[in-house]
Amino acid sequence: MRIIGYDGVSVATRTVLNITSIRQDILHIAKSACEMLAAQMERRPIETKRVIVPVSILNGQTL
């Protein structure tokens, strides 16, 4: 069995197992969400309804 964490939270590296985790660019996600919300509030069309965010793997002991 393999265990993988999500969002690259720092607590994953401090556990007994040092869990492998997937990291997302949270700043990119937040900026995109704010831009989409502002467009909706101003009744402007939203250019992109889906945002693809690159991820990276933080290697730990569980992969």
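**View 1. Thr20, a buried residue in strand 2**. Thr20 is buried, at a relative accessible area of 1% (buried: under 20%; 1.4 Å probe, protein chains only). The model is predicted: local features need pLDDT of at least 70, side-chain atom pairs count only at pLDDT 80 or more, and totals for chains, interfaces and linings use all residues. Numbering runs from 1 along each chain as its sequence is written, and side-chain values use heavy atoms, without hydrogens and water. Strand 2 spans residues 20–24 and contains Thr20. From Thr20 to Ile57 the C-alpha distance is 7.3 Å, across 37 residues of sequence.

**View 2. The largest pocket and its lining**. Its volume is about 190 Å³ (space filled by probe spheres set on grid points, joined across faces, edges and corners). A pocket here is an open set of points on a 1 Å grid over the protein atoms alone, where a 1.4 Å probe fits, with protein on both sides within 12 Å along at least five of seven lines; lining residues have an atom within 4 Å of a point. Ser32, Glu35, Met36, Ala39, Arg44, Pro45, Ile46, Glu47, Thr48 and Val51 form the lining. Five of these residues are nonpolar, two polar and three charged.

View 3. One helix and three strands are present (DSSP runs: H or I, at least four residues; E, at least two). Of the 63 residues, 14% are buried. Among contacts (heavy atoms within 4.5 Å) with a separation of 6 or more, 51% join residues 24 or more positions apart.

Conventions
Nonpolar A, V, L, I, M, F, W, Y, C, P; charged D, E, K, R; others polar. Buried < 20%, exposed > 50% of the residue type's maximum accessible area, 1.4 Å probe, protein only.
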